[in-house]
Amino acid sequence: MKSMCRSSLKHCTGTVADGVFLRSIATRLATHADEASLYVHWPYCLKRCSYCNFNKYISRSQNHNVMTECLKKETQTLLQLSQISRISSVFFGGGTPSLAQPSTIAAVLETVSKHARVSDDAEVTLEVNPTPAGKACLKDFTLAGVNRFSIGIQSLNDDHLRTLGRDHNSYHALQTLSEARTVCPGRVSVDVMFALPGQSVKSWESEVKTLLPLCDDHVSLYQLTLERGTQLFKQVESGELRVPGDDVTAVMYQSARKILEQAGFLQYEVSNFSRNNAVSKHNLGYWSGQQYIGVGPGAHGRFVPNALGGVQREARTQTLEPDVWIREVQRQGHGTRRRIQLDPRGLLEEVLVMGLRMNKGITKQHWKLFSPEADLYQIFGVSDKVKEYQAEGLLILDDRGLRCSWEGLALLDSILPTMLLELEMFFETKGMTRTQHNNRKD
Amino acid sequence: MMNPTVLRSHGLFLPFVKPCPYIKLFRIKRRYQDCTSTCTVIRHRWMRRASCPVRHFSSNSTKQESIDMSKFPVERIRNFSIIAHIDHGKSTLADRLLEITGAIATTANNKQVLDKLQVERERGITVKAQTASLFYQHDGQMYLLNLIDTPGHVDFSYEVSRSISACQGVLLIVDANQGIQAQTVANFYLAFEAQLTIIPVINKIDLKNADPERVEKQIEKVFDIPKEECIRISAKLGTNVDQVLQEVVKRIPPPTARVDDPFKALVFDSTFDHYRGVVASVALFGGQVSKGDKIVSAHLGKTYEINELGILRPDEHPTETLYAGQVGYVIAGMKEVKEAQIGDTLYLHKQPVEALPGFKPAKAMVFAGMYPMDQSEYTALRSAVEKLTLNDSSVSVQKDSSLALGAGWRLGFLGLLHMEVFNQRLEQEYNASVIVTAPTVPYKAVLSSAKLIKEHGAEEITIINPAQFPERSQVLEYLEPMVMGTIIAPDDFTGKIMSLCQNRRAVQKNMLYIDDHRVMMKYVFPLNEIVVDFYDQLKSMSSGYASFDYEGAGYEPAELIKIDFLLNGRPVEELATIVHKERAYSMGKAICERLKDSIPRQMFEIAVQAAIGSKIIARETIKAYRKNVLAKCYGGDITRKMKLLKKQAEGKKKMRRIGNIDVPKDAFINVLKRK
């Protein structure tokens, strides 16, 4: 099937017929077509954090055996469906995946290896809640195959941790961090949040500085976003708690960036900083438009279902509720709830939006993988608005590619709608010339 | 003087055309269809005749056969209307009168039979004039009483005066609890000036708090009508309603018209029917007219043959002939609404008469921009506006386009209520979602510049659009429209009301205690000061007890200036506004603040300024975004993030660019819209 597609394309090259664009993407991506990353979602938490609206369930008893079987089963099904032969990285997220038994992690990884190639140095990350229980399991997790930890420290201030409803304190956090660095040296990341209720620029800066000598080579900074329906949202809404204003959080973000950079960290994405090139390969995959398979309740995926004869990449979502998901996996081998076909333009839009989050932006070569016919200059080089952004020093379009400046990165969400419009305009005029072309042929 | 900027919809007088959606109201009637002994005769003004299935009459042996109208000589005809303040019970009384005379069956369901429009029922007001001929037995004689229902509000005095011209008397209804209200006064003067017989009727005497004695005293004091002349009734319960009819017969004079004179009729209303053409409501001032007669329109000189004529009970009821003094309808093959101009005189072919004085065209006093929410709805909205304006020729329509809001119209209304009713009908009957801008008033300028005078062909021009505002150096003076406002309120609120009026640049003309603690105040207001929120403020400061009404009071010189609004130094045309000098600063500041709140932060600072000429009078600053990026974006977040960004990109398309600033349509709506 795939080889047919490739050979037929050779005949088509040079024409501007409708499907060519699409097919050429499929071919150009051929080198990566059989590769993907894998995300595994563990939906359970011990406690509800006051700010979290993620897909998680507080359940007193989890049947680890059933979950293990189902995660294995779905991994197998989706790997076969995608005909992915190489898994470049695995990420266990949640929920609180450190509540899963190491044997579950091992079983899933085993399944992956059985159906796809996983190189020895493939990144396998586990999100860890820095509780004593989590800490105790770290060694076992590495034995199960995990080789990178992402620790949800969130804050080193115990008051803040209480407001956030976390089930750990700063002492636990530092203990867990230290243990993780021992078992996985150089491969530990910490998550820290800012714009917390009651937080000042000063207290935030000192928190970052406290963290510097203790952390490993990777830091993720997140601004607290108030999500509708969370307890924290209500508390802020009612005036019980106050979060710092826009201008304050802007200062917090910029000062943390500076502090981390001075300490030798490179900001390689809007919220991610690394030293000694300890970047998260798995996450880079998302931002570079790599295929990924999502396994577990509510997990998202982006891949071509080759076994179904698909040529277009699909955005897939698994069933949210663990119990329902379990039943579906037991019955049909997977719990895919929603499949949306991504057309070439939809895919390009994601490549653009995600790519600009990285400090290296979108390289010429990278863009070409997804848009073989129109390079970045053709699409964005003519736009007055893009020129304006360039003149303002927010955006850079040069021979290397398209990327944000240091200032531009902080304003990315203001820049992106314009970029999407430019892309749309390009597609529309292109569509017009294509029709004209066809008309002429008729 | 012709004002080149205002184009009337289609000629000055347009008859009323049937918009189809009214058919739905017909269902009200269907409930009675199975009932053979009684039936409703709701005449739907806009209803197709074809859709009117059964028509029995329960009264006076009037089956489908024609009534001999010669049974009703002039001396046994009374033409009257009912006038009242909102909710004083005009429509309920009309229902009772219709029931008593057998025009409609007596059931509990007759609620405001003559008020057909949803807006009329909801607001408890009458917008369109309606007619019902009643047969009434008095002292052994059969009388023909023509009830010509009129709109209650002076905004609709255009309709009122048309109806009144066909009447000799009015029933002035006053609520026994609320007493005289501002509209009662305005309505009284309309009738008084037309020299009609006025019968005061005190309604709702069944209410617990009713105080008819106090109301009688008010009537005596304010209208100089002896309290003995008041009739105390409860329209709801039917108490003394028959007495009302007796007094109509006794007190209201018959029309002065002679059957021996040549036929002469006034067209006082008209509707349009797709199948039968124009249906004109007429009052016969002399002679008689029959089916098959050839008649001439004095206005156009065109001849028509009468296909059908009859009386309205209130349903159309054909007869052979109509005689002097009677009121009815005529269908004469008029194909276009323009052919039956309201105010026109009809006469018999080859028997010309002197035309009756017509009506003064209603003048629009309040203007507002109207735009579709989305430009794709423009065509649908245009057809809705066309239909409604055909129905209500007092609305002036002028095409307009705004860079921010797209293509739309500048509509002129007789007053605020008129505007509200129009908008409400547009929304309810045509399901149109529209943006209505804050109302403005027509200003005038007396030009001094010879060049401008030549350009306009007149020394005095009317300014509706701020873009046409001539510079101070080119005018002798500016004029603004004034109104005489009547406020009636309990005297506890006098102080508050006086300061409110002073703040609105009003000048007190008169103050009168209408009873022990109710005060009637008369103020001359600049119209502009009351068009936006005056009434709401008055209501809220008086806990709802104050009533307000106004009538036009000409133009007066005023210091007017134009304020421009600038974004980073660039003027935003659609925001320019004309204000009185005293108001410039507060207005400039208020709009700058509103703009600041509704323009989203951008990547650079935006100066929002109000300017008079080159002088900046107010400024607000929209600070630049310093950070706008979602912190987390991994696999699961992508779909959500893309959705949000695509929506923002879509929204950006609809934004108006001023310089390098993207201004969303919502910002304009927030600033321009009526609050």
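Some ground rules come first. This is a predicted model, with local features needing pLDDT of at least 70 and side-chain atom pairs counting only at pLDDT 80 or more, while totals for chains, interfaces and linings use all residues. Residues are numbered from 1 along each chain as its sequence is written, chains are lettered from A and ligands numbered from 1 in the order in which they are written, and side-chain values use heavy atoms, leaving out hydrogens and water.

**Exercise 1. Describe the interface between chain B and chain A.**

Step 1: start with contacts (heavy atoms within 4.5 Å). On the chain B side 31 residues take part, and they meet 48 residues of chain A.

Step 2: get the buried area, meaning the accessible area (1.4 Å probe) that two parts lose on being put together, summed over both. That comes to about 3500 Å², with carbon and sulfur atoms giving 56%. In chain B, the residues losing the most area to chain A are B:Met603, B:Lys627 and B:Tyr634, together 20% of what that side buries.

Step 3: ask what chain B brings to the contact. Helix H15 (residues 638-653) of chain B supplies the largest share of the side touching chain A, 12 residues; helices here are DSSP runs (H or I, at least four residues) and strands likewise (E, at least two), numbered from the N terminus.

**Exercise 2. How do helices H6 and H8 of chain A pack?**

Step 1: For H6 (residues 132-144) and H8 (residues 170-183), the angle is about 10° and the axes are 9 Å apart.

Step 2: classify. H6(A) and H8(A) are therefore roughly parallel (under 35 degrees; over 145 is roughly antiparallel, 65 to 115 roughly perpendicular and the rest oblique).

Step 3: list who touches whom. Residues including A:Leu138 and A:Thr142 in H6(A) meet residues of H8(A), among them A:Thr176 and A:Ala180.

**Exercise 3. Where in chain A do A:Gly95 and A:Gln83 sit, and what marks their backbone?**

Step 1: A:Gly95 lies in the loop between strand E4 (86-94) and helix H5 (102-115). A cis peptide bond joins A:Gly94 to A:Gly95, with omega about 25°.

Step 2: A:Gln83 is in the loop between helix H4 (64-82) and E4. Its phi is near 55°, a positive value in a residue other than glycine.

Note on methods
Axes fitted to C-alpha atoms, helices over the stretch in contact; angles between N-to-C directions.
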